[in-house]
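Hi,

Here is the structure I promised to pass on to you. Have a look at it first, and then read my notes below.

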Amino acid sequence: MPAKSPYRAAFKQHKANTQKTLRLITSDVAIEIAESLVIKTPIDTSRAEANWVAALNTVPQEFDEAKRNSGGNRINLDKAKALAKRMKLGDVFVMANSTPYIFLLNDGSSTQAPNGMTPLTIAAFPRMVERAVQRRASD
C-alpha cells in the first residue's frame, strides 16, 4: 500500500481556499455590474430602473409595467446583490431589463445617460475585476 502524501491535506486546503476566493471575487464583480447598470439607468418614472432583474444561468424575461422604485428604494438591486452572494463557481450572473424602451435609453436617448448604461459598465468591467482581486487578495 503506497504511503499517504503529507502534501495531500495541504493541496486540498489550498484548493478549497482558492475556490472560496474565486467565488468571492465573482460575487463582488457581479454586485458591481448590477450596481453600475441600475445606478446609471435614467430615472423619469423609475420604471426602467425598477425592471432590472438578476438571474443565474438564465435570462429573465419578466417585465412589470406598474413596477417603480419609489423614494430611491432599489429592491431589485438588493435582490441582485443577494443572488450574487449565492453564486457558485461556474454560475453565470445575468442582469436583464425587459422594459420596452430600454434599448433607446441604452443608446443614449436620455440626457441623464447620454452614453447608455451597458457600454459604460462593459468599459468598467476590467477595473471591477482588478478591484475585486485586490480586495480579496488581502483577505
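Predicted model: local features only at pLDDT ≥ 70, side-chain atom pairs only at ≥ 80, totals over all residues.

Let me begin with the second largest pocket, which holds about 160 Å³ of space. Which element gives the most to its lining? That is α4, with three residues. Both β2 and α4 supply at least two residues each. Among the lining residues are Trp52, Val59, Pro60, Phe103, Asn106, Met117 and Thr118. Sorted by class, the lining has seven nonpolar and four polar residues, and no charged ones.

Leaving aside neighbours within four places in sequence, Asn106 is in contact with Asn115, Gly116, Met117, Thr118 and Pro119.

Now to the largest pocket, with a volume of about 320 Å³. It is lined by 15 residues, and those closest to its centre are Val29, Ala30, Ile33, Phe93 and Phe125. The elements that give two or more residues to this lining are α1, β2 (93–97) and α5 (118–137). By class, twelve of the lining residues are nonpolar and three are polar, with no charged residues.

Next, two backbone details. Most residues other than glycine have a negative phi. Ser46, however, has a positive phi of about 70° without being a glycine. It lies in the loop between α1 (8–40) and α2 (47–50), and at 5% relative accessibility it counts as buried. Asn57, also not a glycine, has a positive phi of about 65°. You will find Asn57 in the loop between β1 (52–56) and α3 (75–85), where it is partly exposed, with a relative accessible area of 46%.

Last, the aromatic rings: the count comes to one aromatic pair. The ring centres of Tyr7 and Phe11 are 6.5 Å apart and their planes lie at 50°, so the pair is tilted. Both Tyr7 and Phe11 are exposed.

Best wishes

Conventions. Residues numbered from 1 in each chain as written. Heavy atoms only, no water. Phe/Tyr/Trp six-rings, centres within 6.5 Å; stacked < 30°, edge-to-face > 60°. Buried < 20%, exposed > 50% of the residue type's maximum accessible area, 1.4 Å probe, protein only. Helix = DSSP H or I, 4+ residues; strand = E, 2+ residues; numbered from the N terminus. Contact = heavy atoms within 4.5 Å. 1 Å grid on protein atoms, 1.4 Å probe; cavity = no way out; pocket = protein on both sides within 12 Å on 5 of 7 lines; lining within 4 Å. Points joined across faces, edges and corners; volume = space filled by probe spheres on them. Nonpolar A, V, L, I, M, F, W, Y, C, P; charged D, E, K, R; others polar.
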